[in-house]
Amino acid sequence: MEPRQKILVIDDEEVVLDACLAILAGGDYETATATSGEEGLRLAAEIHPDLVFVDVKMPGLPGLEVVERLRGEDPSIVAIVITGYATVSLAVEAMKRGAFDFLPKPFTPAEFREMARRGLERRAEVLEQSRERSVAEGAGPLPGAGAGPMAPVPCRVLGRWEETHDTITLALDPPAGWKGFRPGQFNMLYAFGVGESAISISGDPADAGRLLHTVRRVGKVTEELARLQRGDVVGVRGPYGTPWPLGYSAGRDVVVVAGGIGLAPLRPAVHELLENRDRYGRVLILLGARTAADLLYPEQVQELRGRFDIDCQVTLDSAAGGWRGRVGVVTTLIPRAEFDAERAVAMVVGPEIMMRFAAAELVNRGMSPSRVFVSLERNMKCGIGLCGHCQVGAKFVCRDGAVLGYDEAEALFLVREV
Amino acid sequence: MPGSDEQTPIPLELLAAHPFVVGMEEAQLRRIAECALKVTHFATDQVIFHSGGVARHLYLLRHGDVALEVVAPGAGTRVVSTLHGGDALGWSWMFPPYRWAFDARALVETEAIVVDGEQLRRCAEADHELGYQVVRRVAREMADRLQAARFQLLDVYGERP
C-alpha cells in the first residue's frame, strides 16, 4: 500500500490554518501546520511533506525564503505560495524561487482543494521522473520518443518570466525519460510550426523538477519561444554537447567569464561550483553587460557578490551617472584578477568577439589555451552532427562542442563563413 | 586642487609600489618622486577634476574607484569608464592644450599620489631615457583604453552571441 501523501501548511494566522485543515479534512492525505517559517522548516525536515503551502508575509523568515530553503533541501518538494498581496511581480518572484504555483487570498474551499490536487499530482510526476532517472545508466539524449533522433518530445511550460527587455526564462516540465544534464549542455527547443533553436540549459542540474532555458529574442524561433506561456507545449531534444570541465577543474582556481546572455550557459556550472565549493580553489566570476538593465539574473548576481568564498565582479559597457560599479568591457577585469594562471581553468561565454578578447587576456596572464574553455554555438541545426551546418573541417560544433578548449576553438573563430 | 592632503614628502617605497612605475631604474624613480607633490584622499563623490579645466597633475591611484564622466545637456551624466587602485589617472598634462577631456569623480574614498605633470614633462624633456619610460607607460595605458573603447563601440552584446 502506497503511503499517504503529506501536506504542510505554513501561515502565521491560526484562523487560516484552521480553515485550510477544515478544507482538507476527509481527503486521502496527512496534514500538518506551522505558524512560522522557522517552525515550518523544522517540521518539513521531520515529516518530509509532498506539498507545502506557504504564506508569503509572516513575521520572521519570509515565505519566499522558506520556499527557497525547502527546495534547497529537497528539489522535488512542491511549494505553493499563498498571499493576500497578490501582484504579478510577486508571482514571478515566487516562480523564480521555485514555487510551483500561487494562490491569492481570499480563496474558496474549491480553489484550495483544486490547488492541493494539482500540487500533489505534480509531486507524483516529479517523483516518477526521479525514479526513471535513477534507473537510467547516466545522462544522455532523450530517445526521441521512439521516432528517431530528430523527433522532439513535447514538454509543458511550467512558468515563464522576463529577465531583461529582450530575454526571458522558460521553466519546462522535464520530458518523460529525461535523465538530467551536465552543466554546459544544450537542448534543441522546437517552437511547433516555426522551427528549432539550440538553447543552453540555464538552471541548477540538481533541480529535478524543472528544466530552465533562458532565451534571447534574436530571430523567428526565439521570438516564438519567448511568446510561450504557462501551459503551452514546446518540443525538446537533448541534452547535447560537451559539458564544462568541472571534474578537471577540481583542486584548481576557476575563472568564469560571462558577457551578456553568456551567463545563461554558465549558470549551471556556477551552481555546481558553489554546491561543491570545497572541491575547487579560488572561484572568480567576472560578468559584463551592456547596461545595468541588461544584466542577467541581477538578484542572483547580487547574492554572488555578497559571498565571501568567491570573487564576483561586474562591469558595464555603459552606465548612467548613478551607477557606482565598474564601467568598461569585461576583459578589463582579467588583468588584475587574482588566480593561479599556471593551473587555473577558465570558462568563457559571450559574443564571439568578447570570447576572443577574453581568451587573449587570459593567455596573456599566462594561462595555457588548452585550459581556457569557450562555448561556440555557431550555426547549429540538428544538434547531433548529422546535417553538417556547423561542420568546420573534421569538427562538428554541435557534437564536438559546444564547449571547446581555446587551443581548438581559436582556429574555428577564424573561420568566417561558419 | 581638491582632496585632503598629506604634505609630507613621498617615500620612494610608496611610489615604487605603484604599477605605473614598476620596472623603472632607481634614479628615474627618484626623479619622479621629486615631481610627486603629495598623497591625496578624495571623499566619495568628490570631483577630482572637471572637463575643460587645466590639466596639471598625474594621479597614481593607490586605492579606490574613480569614474570618468561626460555630461551631455539633456542626456544627463554618462560614465565613460572607471579606474581603480593601481591605475594612472590623467594624461592630458602631457599634450597641449593641457585641458582635461572628462570629469573625474571618486566613487568611493580614494587615495592617490599626485604628480606635478608640468614638472614631470620638463624632466622628461631634459632626460630622454626617463621621458621614454614615462611615455611608454602612458602609451600602454592609452593602448589598453583604446582597445577597450573600440570593444565598447562594437556593442557586442547587441548582436547574437
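## Basis and overall make-up

Two residues are in contact if their C-beta atoms, placed from the backbone, lie within 7 Å. In chain A, residues 24 or more positions apart account for 70% of the contacts with a separation of 6 or more. Chain A has 11 helices and 21 strands; helices (H or I, at least four residues) and strands (E, at least two) are DSSP runs, numbered from the N terminus. Of the 418 residues in chain A, 46% are buried. A residue is buried if 20 or more other C-beta atoms lie within 10 Å of its own, exposed if 12 or fewer, and partly exposed in between, with C-beta atoms placed from the backbone.

The model is predicted: local features need pLDDT of at least 70, side-chain atom pairs count only at pLDDT 80 or more, and totals for chains, interfaces and linings use all residues. Residues are numbered from 1 along each chain as its sequence is written, while chains are lettered from A and ligands numbered from 1 in the order in which they are written.

## Domains of chain A

Chain A is split into domain 1 (5–134), domain 2 (147–240) and domain 3 (254–413), with bounds from an automatic or database domain assignment. Domain 2 of chain A puts 23 residues into its contact with domain 3 of chain A, which puts in 22 residues. On the domain 2 side, β6 (153–164), β8 (186–191), β9 (195–200), β10 (211–216) and β11 (233–240) of chain A each supply at least two residues. The largest share of that side, 3 residues, comes from β11(A).

By class, the domain 2 side has 10 nonpolar, 9 polar and 4 charged residues. Here Ala, Val, Leu, Ile, Met, Phe, Trp, Tyr, Cys and Pro count as nonpolar, Asp, Glu, Lys and Arg as charged, and the others, Gly among them, as polar.

## A six-stranded sheet

An open sheet of 6 strands in chain A has the order β9-β8-β11-β6-β7-β10, with antiparallel pairing; two strands pair if DSSP finds at least two bridges between them. Its edge strands are β9 and β10 of chain A, each pairing on one side only. β6(A) and β11(A) are joined by 4 bridges in the antiparallel sense, and Val153(A) stands opposite Val236(A) in β11(A).

β11 of chain A also contains Pro239(A). The peptide bond from Gly238(A) to Pro239(A) is cis, with omega near 0°.

## Where the chains meet

In the contact between the chains, 22 residues of chain B touch 27 residues of chain A. On the chain B side, β5 (65–72), β6 (76–84) and α4 of chain B each supply at least two residues, and β6(B) gives the most, with 7 residues. Strand β15 (residues 319–320) of chain A pairs with β6(B) in the antiparallel sense over 2 bridges. Val79(B) in β6(B) is the bridge partner of Ala319(A).

Most residues other than glycine have a negative phi, and most peptide bonds are trans. Tyr297(A), not a glycine, has a positive phi of about 50°. Tyr297(A) lies in the loop between β13 (283–289) and α8 (298–306) of chain A and is buried, with 21 other C-beta atoms within 10 Å.

Asp155(B) also has a positive phi of about 50° without being a glycine. Asp155(B) is in the segment after α4 of chain B and counts as exposed, with 12 C-beta neighbours inside 10 Å.
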